[in-house]
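Notebook open. I wanted to look at a pocket and at the helices packed around it.

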Amino acid sequence: MSFKIYTKTGDKGKTALIGGTKVSKSNLRIESYGTVDELNSYIGLVSDYLTDTPTINFLREIQDRLFTIGSSLACDPEKETKMRIPDLHAGDVTVLENSMDQMNEVLPEMKSFLLPGGHVAVSTCHIARCVCRRAERLCVGLQEQDQFIDPLVLQYMNRLSDYLFVLSRWIGHQLQVAEIPWKPRI
């Protein structure tokens, strides 16, 4: 059975939140979950560069959590939805922290800021980190506009960007790629 992916309902610049509320495609809520979707794509790309199965599987779990976050952001907070939306849990943040702690056990001490680069997997991980920070800023913007956002989403996004930084270093370490210290021109 096939179906058409295009509906033409957004041709005039509007889309619907889960719950039916029509909003502009430039709405901050749409921008937020669109950026989370972009982040999810970059994390998929990072995993495509890796051969380490446990790390790839962990990244798939993160992608699942990002779909959960995107679903939460796509809901109209003013309306009850009949759709069952998965929840983020505090343990999801703890899992990121534990993974960072494990990776940091084998990483050399950082003595300077690092420039992204050295290997395409490392650089792509840094791009994912930057997109994650942008998604986090957009979510904070929702909060500042008094639009509901689960505080756990903000915590997870903040920790995820930290995780992606540590992961970029760990990937470089695994690939035996030298880190590129920032040497500021003075």
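Terms to start: I take helices (H or I, at least four residues) and strands (E, at least two) as DSSP runs, numbered from the N terminus. The model is predicted, so I note that local features need pLDDT of at least 70 and side-chain atom pairs count only at pLDDT 80 or more, while totals for chains, interfaces and linings use all residues. Residues are numbered from 1 along each chain as its sequence is written, and side-chain values use heavy atoms, with hydrogens and water left out.

**Overview.** I get five helices and four strands for the protein chain. From the N terminus on, the order is β-β-α-α-α-β-α-α-β. The C-alpha trace spans about 50 × 45 × 35 Å along its principal axes.

**Second largest pocket.** A pocket here is an open set of points on a 1 Å grid over the protein atoms alone, where a 1.4 Å probe fits, with protein on both sides within 12 Å along at least five of seven lines; lining residues have an atom within 4 Å of a point. I read off about 200 Å³ for the second largest pocket, a volume being the space filled by probe spheres set on the points, which are joined across faces, edges and corners. Its lining is D52, P54, T55, F58, V95, S99, Q102, M103, Y163, L167 and W170. α2 (53–74), α3 (90–104) and α5 (151–174) are the elements that give two or more residues to that lining. Which element gives the largest share? That is α3, with four residues. By class I find seven nonpolar, three polar and one charged in the lining (Ala, Val, Leu, Ile, Met, Phe, Trp, Tyr, Cys and Pro are nonpolar, Asp, Glu, Lys and Arg charged, the others, Gly among them, polar).

**α3 with α5.** The angle is about 20° and the axes are 9 Å apart; axes are lines fitted to C-alpha atoms, for helices over the stretch in contact, and angles run from 0 to 180 degrees between N-to-C directions. That makes α3 roughly parallel to α5 (under 35 degrees is roughly parallel, over 145 roughly antiparallel, 65 to 115 roughly perpendicular, the rest oblique). I log the crossing as left-handed, meaning the near helix is turned anticlockwise from the far one by less than a right angle. Contacts (heavy atoms within 4.5 Å) involve, among others, V93, L96 and M100 of α3 and Y156, L160 and Y163 of α5.

**α2 with α5.** I find an angle of about 155° with the axes 12 Å apart, so the two helices α2 and α5 are roughly antiparallel. Their crossing is left-handed. F58, L59, I62 and L66 are among the contact residues of α2, and Y156, L160, L167 and W170 among those of α5. The tally for this contact is 12 nonpolar, two polar and one charged.

**α4 with α5.** Helix α4 (residues 120–144) packs on α5 at about 170°, with the axes 9 Å apart. These two, α4 and α5, are therefore roughly antiparallel. I count 16 nonpolar, six polar and four charged residues in their contact.
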